[in-house]
Amino acid sequence: MAGWQATNSLVTLPIKMTPMQPLVRTSSAFYACLSSSSYQAEFRSAVRCIDTTSPYDSLLSGGWVKLICGASFEDVADVRNLSLVYTLAGVDCIDCAADPSVVKAVREGVDAATGIAVTLYPSGVLPVHKPWIMVSINDDEDVHFRKAVFDPSRCPTSCARPCEHICPASAIMLSASLGTSLTGGVLNDRCYGCGRCISVCPLGLIGANSYTRNSKDVSNLLNSGTVDAVEIHTNARHMEAFRNLWQSLEGSTECLKLIAISLPDVGDNMLATMWDLYNVMKPTLKALNLWQLDGRPMSGDIGAGATKAAVRLAAKVAAFTDRPPGFLQLAGGTNFHTVKAMAALGLFQPGYERNLLEKPESERKACATIAGVAYGGYARKILRQILASLNSDNGSSKLEDHPVLFLTAVKEANYLVAMLKEH
Ligand code: SF4
Ligand code: SF4
């Protein structure tokens, strides 16, 4: 990325371990609104496409949709509301930062969504399934695991603050009220490391701190029973780093449902790299595995063209008939245009289960070649204004306490999720 000034040191970040609190039910104010039959009817029509199959069935059928909250995004109020809305919209998995307080926020959102679904469908089968909760970690320096940093006292008050305007997460807040220099800076919980502020600063004042999570804390989190899946981001430049991370997790991945490897396009070495990574995991791999093909990291909200790299990478990997086991899933640049682009490249083809290659061919299940799509920046972008309006008033930070905004958010999210599920 142009203008990128990575810090040289990779910091190991301790995870704040907090005891799990009881899950919070959604508010009585919203339940009062739900008693209105017209609101109920609108809500039911807003979630029209929800499928009731399990996340595993979605993987097999090619209808798997994952919400990426952001590996470094730790604003728990937004994470909770995103999880609430996208659970009702029908996602199969919610991917978040490997921090207990963030996982707790996801669980609260999912629980609130389930409570609403029970109210809407008191006597029938629930129209939502609980999405799997996934946490993201990294083995090496990675753009998803960094935080922008700068000293605002060095900024001239005359600066037009392009950093503040370009930030897709509203993670930079500056003020000139104290006279000759700016105050404020980066809101650490909201910064997810996209790097756009870095490249627009005319004075080159913005750098970044990269980090990895403490592996012992990650193991404790995986063993806590609060998460279903883990995703390891690797650029596979240092296989030893991946091997060390995998070994450090030994014993704590066995109870998980899914292990995802997030990998960018590594060019001609793609197939060999996938095999190298798989062979490290294979001796102790007990869960399903998935390849997250990270076409153009953290770019889905930029525009239509961003999706091209993700779809191209998926087509390239899908063409490897001798690839290692594991579902294939797109990410990195995915947005409103992704499903159409996948169809244009013929990616909606049937395949067969590749997770257990050791199974005799006759026992393998038929499944889609591409299991699904993960949406990150774009999924958050379409709710950005709604969530920002909650942050800017003094009312409740729970989205369902604002019934009109809530309904709008669920409709927007459902529209995105339905694009793949209804294809
Ligand atoms: S532009 Fe990106 S890197 Fe900069 S503060 Fe915002 S989220 Fe962080
Ligand atoms: S663009 Fe650079 S100089 Fe201007 S306010 Fe942002 S960090 Fe400061």
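In this predicted model, L293 touches L263, A310, L313, A314, V317, L328, Q329, L330 and A331, leaving aside residues up to four places away in sequence; a touch here means C-beta atoms, placed from the backbone, within 7 Å. Local features need pLDDT of at least 70 and side-chain atom pairs count only at pLDDT 80 or more, while totals for chains, interfaces and linings use all residues. Residues are numbered from 1 along each chain as its sequence is written, with chains lettered from A and ligands numbered from 1 in the order in which they are written.

L293 also belongs to the largest nonpolar core, a set of 119 residues in which V85, I94, M134, V135, L293 and A314 touch the most other members. Such a core is made of buried Ala, Val, Leu, Ile, Met, Phe, Trp, Tyr and Cys residues joined through C-beta atoms within 7 Å. Buried means 20 or more other C-beta atoms within 10 Å of a residue's own, exposed means 12 or fewer, and partly exposed falls in between, with C-beta atoms placed from the backbone. Helix α5 (residues 100-120) gives the most to this core, nine residues. Helices (H or I, at least four residues) and strands (E, at least two) are DSSP runs, numbered from the N terminus. The core lies between domain 1 (6-14 + 144-211) and domain 2 (28-143 + 212-421), because both give residues to it; these bounds come from an automatic or database domain assignment.

Now for the strands. β11 (residues 288-294) and β12 run parallel and are joined by five bridges, and Q292 has Q329 as its bridge partner in β12. Strand β12 (residues 327-331) has five of its five residues buried, so it is largely enclosed by the rest of the structure. Both of its faces are covered, with F327, Q329 and A331 on one side and L328 and L330 on the other.

R161 sits in the loop between β5 (146-149) and α6 (162-166), and counts as buried with 21 C-beta neighbours inside 10 Å. A236 is found in the loop between β9 (229-233) and α9 (239-248), and is buried too, with 20 other C-beta atoms within 10 Å.

Overall, the chain has 15 helices and 15 strands, and buried residues make up 49% of its 423 residues.

Technical notes. Contact = placed C-beta atoms within 7 Å. Pairing = 2+ DSSP bridges.
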